[in-house]
Structures are given as structure tokens and as C-alpha cells.
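Subject: A structure for you to look through

Hi there,

Here is the structure I promised to pass on to you. Have a look at it first, and then read my notes below.

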Number of protein chains: 2
Amino acid sequence: MQTQNPALAAASRRSTTQTRTTELVATLADDIIHGRLAPGVRLDEQDLAARFGVSRTPVREALGHLVATGLAEHRPRRGVIVTVISPERLRDMFLVMAELEASAARLAASAMTALERRELALFHQGTQVAVRHGRITDYEQLNDQFHSLLYVGCHNSYLFDLLNATRARLAPFRHAQFNLLGRLAASWREHDVVVQAILRGDSDAAAQGMRSHLSTVSGAAADYVAIQVPVPPAPRNPAR
Amino acid sequence: MQTQNPALAAASRRSTTQTRTTELVATLADDIIHGRLAPGVRLDEQDLAARFGVSRTPVREALGHLVATGLAEHRPRRGVIVTVISPERLRDMFLVMAELEASAARLAASAMTALERRELALFHQGTQVAVRHGRITDYEQLNDQFHSLLYVGCHNSYLFDLLNATRARLAPFRHAQFNLLGRLAASWREHDVVVQAILRGDSDAAAQGMRSHLSTVSGAAADYVAIQVPVPPAPRNPAR
DNA sequence: GCATACTTTTTTGCATGCAAACTCAAAACC
DNA sequence: GGTTTTGAGTTTGCATGCAAAAAAGTATGC
């Protein structure tokens with residue numbers, strides 16, 4: 001490894017309170033969430049240290065962080081690997097995601113300010129355009145924004161954290177639910193049920209609407225379990 | 001600091017796959033959860049290293065873990081402190097705990113096996129004795145077990161994790177809800193509503209029953225916010 | 001030919017040391 | 001007198017090195 005120059009590297013960073021460790025965490029987490037690092041892939045300390053031009057220490061800390069977050073696991077004497085999610089576990093997570101979102105809708109129905117309600121209604125109406133023109137990728141993004149509006153609207157920081165953490169861990173598996181014919185319009189109608197319930201302050205209906213909305217969505221996503229890399233016995237060093 | 005002897009120390013440990021880091025995490029987390037380390041207390045690296053007879057490295061890793069878990073926070077250049085929970089945050093957490101428990105009850109109502117239902121009913125009947133004799137401390141423990149039965153009964157590992165994580169973080173604030181006159185009997189009756197709903201497979205009623213049960217409980221616990229240590233500006237070295 | 005014992009290689013956990021950057025505070029300056 | 005500057009003292013992030021333990025590889029015996 002080349003000799004480091006802490007001074008120079010640090011100077012370009014310190015001001016933003018970012019450390020090499022946090023950088024690594026951000027990068028690796030992002031890679032995992034976006035599927036660039038498939039479940040089961042081994043996160044080799046020395047390897048990463050070399051690749052990122054740092055020593056093993058910050059790498060270890062970053063990996064520890066990922067493990068604590070649940071994005072990676074620490075197999076006793078086989079190092080750290082990207083979390084392998086069993087089909088059952090995935091189903092469990094989708095189910096809980098639906099419950100969390102239902103709770104968010106419930107809270108939003110009672111906690112949203114008048115302004116927030118207006119904005120939600122307006123935004124929701126806006127998404128109808130994407131549906132009419134069948135703009136799937138657009139709608140995917142709008143869909144995310146829609147849900148985020150609710151996350152904020154429930155005014156509950158802890159629920160916000162849980163929702164985002166769970167969403168991040170499910171991200172690799174949330175794809176292409178809208179490809180199915182008619183799913184786009186159906187999704188909008190389901191959103192509509194939730195929005196109407198929230199607007200009239202009906203917590204139970206909002207929660208119920210969101211729950212059934214997400215159970216159809218996750219049903220489609222459950223097919224994507226097979227994406228995972230089959231590296232269970234994990235040979236030590238696959239010819240580097 | 002005395003010179004370490006890694007060999008000896010390691011030998012007494014390695015067999016159990018425990019490292020110094022995990023030891024530290026366990027100890028510190030336990031201390032935080034049980035209130036021996038009050039919110040706002042500074043977790044000084046060198047201090048802890050000296051106290052536990054290890055170097056700063058495992059201490060740092062342990063602290064990182066605690067931070068990732070949410071039990072501690074990492075103030076930019078002021079070190080790590082035990083998480084200070086604002087009254088709003090605490091309310092948020094209690095509210096979400098209620099939602100999570102409601103979800104657990106909902107899932108349990110549809111996922112519990114016949115055997116589990118029988119055991120739940122039996123256990124619940126058993127707790128009535130403690131109520132009749134006003135055995136508060138006994139009932140507190142039975143209450144925990146009761147809820148744990150539901151955690152298991154919903155057959156959802158992810159919800160199980162979230163419930164336990166949240167419960168751990170709320171642990172320092174959950175005390176003495178039962179001291180209030182009549183709370184004991186009321187608690188049992190609320191449990192009873194949930195149990196009956198689960199036994200007849202009524203998910204909605206189970207969820208609703210659990211939600212209202214916990215909202216009364218958390219209402220009582222909300223008074224305990226004041227327990228926290230007021231160390232906000234945190235002077236650098238409070239005379240060690 | 002398979003199993004067991006021995007050796008080599010990797011990996012991992014941890015200690016230690018150092019330098020950058022922050023905090024605090026006294027001194028110098030306006 | 002108030003503001004800025006300088007400097008000492010911590011603290012923290014990280015590199016490096018070492019030793020223990022497991023895994024992989026090799027040899028030896030049955």
C-alpha cells in the first residue's frame with residue numbers, strides 16, 4: 001500500500017465533519033441499498049482498505065456500523081458479508097413495512113397540519129398525470145415522494161427513522177411493481193383512498209387503506225427474492 | 001495503564017466467540033438500558049479503556065455500535081454521550097411502541113398456532129392471581145412475559161427485532177405504571193380484551209385493544225421524562 | 001485411498017503511537 | 001473594555017504492527 005498523507009486528505013474533508021469511516025459507511029450502504037453489492041458478497045477488510053486507500057481501522061469501524069444497522073452480518077470467523085435475507089425474512093420485512101406505513105397513515109390522519117393536508121391533496125392530484133400517460137418511471141419517483149409526505153406528516157421522528165431504515169433495507173428488492181398492467185392506475189386509486197381518509201381525519205380508514213395498498217405491492221415484490229447471490233458456503237478467497 | 005496480556009485474556013474468552021468489543025457493547029448497553037448510565041453522560045474513550053483494561057480501539061468500536069443502535073450519540077467534536085431523549089422524542093417512541101405492539105397483536109391474531117393460543121389463554125388466566133393479591137412486582141414481570149408471548153406469536157422476526165430494540169431503548173423510562181390505584185386490574189382487563197380478540201382471530205379488535213392498552217400505559221410513563229440528567233452544554237472535563 | 005497430524009497462510013482482534021483539529025484560555029491588540 | 005490572536009492541552013481519527021486462531025494446504029501413516 002502506498003504511504004498515506006493524512007494531512008492533505010483530511011484537509012479536504014474535515015470541514016464537513018466527515019471522517020473516512022462515515023465516508024465508507026455512506027458508500028458501502030449505498031452500494032448495498034442499490035444492489036451494487038449483492039447479498040452474500042464478502043466485505044474483505046484488507047480489500048476495502050486497499051480499494052479506498054485507507055487503513056484497516058476505519059474499514060473495521062465502517063463494517064461494524066453496517067452490521068449494527070443490519071445491512072451486513074458478521075459471520076464468526078468468516079468475516080463480514082452483505083446481509084443475506086431469507087425469503088421468510090423478506091416477507092416479514094415487507095409485512096412490517098406495510099404495518100409501519102399503515103401506522104404512518106394513521107398518525108398523519110390525526111397529526112397533519114391543514115397546510116400539509118392541502119399539499120398532500122395537491123401533490124396527489126398532480127401524480128394523476130403520470131398515471132394517464134403511463135409514465136412508469138416518473139410515477140415510481142412520485143410514489144416515493146408521496147409516501148415521504150406521509151412520513152413527514154405524521155410528525156413522529158421515531159416512526160420516521162424506522163420507516164426510512166426499513167425502506168433502505170428493502171430497497172434492493174423494491175423494483176418494477178408497476179410493470180404489471182393496470183398496477184399503475186390501481187396504485188393511484190389506492191393512494192386516493194388513503195388521501196381521502198386523511199383529509200377527513202379518519203385514522204382507521206387511512207391505516208386500513210395503506211395496509212391493503214402495501215400488501216398488494218409487496219405481493220408483487222415478493223417475486224424478487226431470487227435476485228440474491230447464492231454464496232452461502234462462501235469459499236475463503238475466490239481467486240483474487 | 002498496565003501492560004496487557006492478550007494471550008491470557010483471550011484464552012478465557014475466545015471459545016465463546018466473544019470479543020472485548022462485544023463484551024463492552026453488552027455491558028454498556030445494559031448499563032444504559034437499566035439506567036446506570038444516565039442520558040447525557042459522557043462516554044470517554046480513554047476513561048472506559050482504562051476502566052475495562054483494554055485499549056481505545058475496542059472501546060471505539062463498541063461506542064460506534066452503541067451509536068448505530070441509537071443508545072448513544074456522537075456529538076461532532078465532543079465525543080460520545082448516552083442518548084438524550086427529548087420529551088417529544090420519548091412521546092414519539094412510546095407512540096410507535098404502541099403501534100408496533102398493536103401490529104404484533106394483529107399478526108398474532110392471525111398467525112398464532114392453536115397451541116400458542118391455548119398457552120396464551122392459560123398464561124393470561126394465571127396472571128389473574130397476581131392481580132387479586134395486588135402483587136405489583138410480580139405482575140410487572142408477568143406483564144413482560146405476556147407481551148413476549150405475543151412477540152413470538154406473531155411469527156415475524158423483523159417485527160420481533162423492532163419490538164425488542166424499541167423496548168430496550170424505552171426501558172429506562174418504563175417504571176411504576178402499576179403503582180397507581182386500580183391500574184393493575186385495569187391492565188389485566190385490557191389484556192383480556194386483546195386475548196379474547198386473538199382467540200377468536202379478530203385481528204382488528206386485537207390491534208385496537210392493544211393500542212388503547214398501551215396508550216393508557218404510556219400516558220402514565222410520560223411523567224418519567226424528568227429522570228434524565230441535565231448535561232446539555234457538557235463541559236469538556238468535569239473534574240475527573 | 002482415506003484419515004489424521006503437521007505446517008503454512010490468512011485473517012482478525014487489539015495495542016500503540018502520532019499528528020491533525022478542536023477547545024479553552026490567556027495575552028495582545030484595537 | 002471588548003475583540004481577536006496565539007498557544008497549550010485534549011481529543012480524536014487513523015496508520016501500523018503484532019500475536020492468536022482459524023483455514024487451507026501438505027505430508028505421513030494406516
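**What I found**

Helices here are DSSP runs of H or I with at least four residues, strands are DSSP runs of E with at least two, and both are numbered from the N terminus.

Some ground rules before you go on. This is a predicted model, in which local features need pLDDT of at least 70 and side-chain atom pairs count only at pLDDT 80 or more, while totals for chains, interfaces and linings use all residues. Residues are numbered from 1 along each chain as its sequence is written, and chains are lettered from A and ligands numbered from 1 in the order in which they are written.

**Chain A as a whole**

Chain A is divided into domain 1 (6-84) and domain 2 (87-225); such bounds come from an automatic or database domain assignment. Four residues from domain 1 of chain A and four residues from domain 2 of chain A make the contact, where two residues are in contact if their C-beta atoms, placed from the backbone, lie within 7 Å. On the domain 1 side, chain A brings two nonpolar, two polar and no charged residues. For these classes, Ala, Val, Leu, Ile, Met, Phe, Trp, Tyr, Cys and Pro count as nonpolar, Asp, Glu, Lys and Arg as charged, and the others, Gly among them, as polar.

Chain A has 240 residues, and 35% of them count as buried. A residue is buried if 20 or more other C-beta atoms lie within 10 Å of its own, exposed if 12 or fewer, and partly exposed in between, with C-beta atoms placed from the backbone. Take A:Gln196, which sits in helix 9 (residues 183-199) of chain A. A:Gln196 counts as partly exposed because it has 15 C-beta neighbours inside 10 Å. Its C-alpha atom is separated by 45 Å from that of A:Thr21, 175 residues apart along the chain.

**The sheet in chain A**

In chain A, three strands form an open sheet in the order 1-3-2, with antiparallel pairing. Strands pair if DSSP finds at least two bridges between them. Strand 1 and strand 2 of chain A stand at the edges, each with a single partner strand, so one side of each has no neighbour in the sheet.

Two bridges link strand 1 (residues 42-43) of chain A with strand 3 (residues 79-82) of chain A. In strand 3 of chain A, A:Ile81 is the bridge partner of A:Arg42, and A:Val80 stands opposite A:Leu43. Between strand 2 (residues 72-75) of chain A and strand 3 of chain A there are four bridges, and A:Ala72 stands opposite A:Val82.

Helix 4 (residues 56-69) of chain A lies across strand 1, strand 2 and strand 3 of chain A, at about 105 degrees to strand 2 of chain A. Axes are lines fitted to C-alpha atoms, for helices over the stretch in contact, and angles run from 0 to 180 degrees between N-to-C directions.

**Two helix pairs**

How do helix 6 (residues 114-132) and helix 7 (residues 136-153) of chain A pack? Their angle is about 170 degrees and their axes are 10 Å apart, which means that helix 6 of chain A is roughly antiparallel to helix 7 of chain A. Angles under 35 degrees count as roughly parallel, over 145 as roughly antiparallel, 65 to 115 as roughly perpendicular and the rest as oblique. The residues of this contact of helix 6 with helix 7 of chain A divide into eight nonpolar, three polar and two charged.

The second pair joins two chains. Helix 8 (residues 157-170) of chain A packs against helix 5 (residues 87-111) of chain B at about 60 degrees, with the axes 7 Å apart, so helix 8 of chain A is oblique to helix 5 of chain B. Here A:Ser157, A:Tyr158, A:Leu159 and A:Leu162 meet B:Arg89, B:Asp92, B:Met93 and B:Val96.

**Where the chains meet**

The contact takes 20 residues from chain B and 20 residues from chain A. On the chain B side, helix 5 of chain B gives the largest share, seven residues. The residues on that side of chain B divide into eight nonpolar, seven polar and five charged.

Enjoy exploring!
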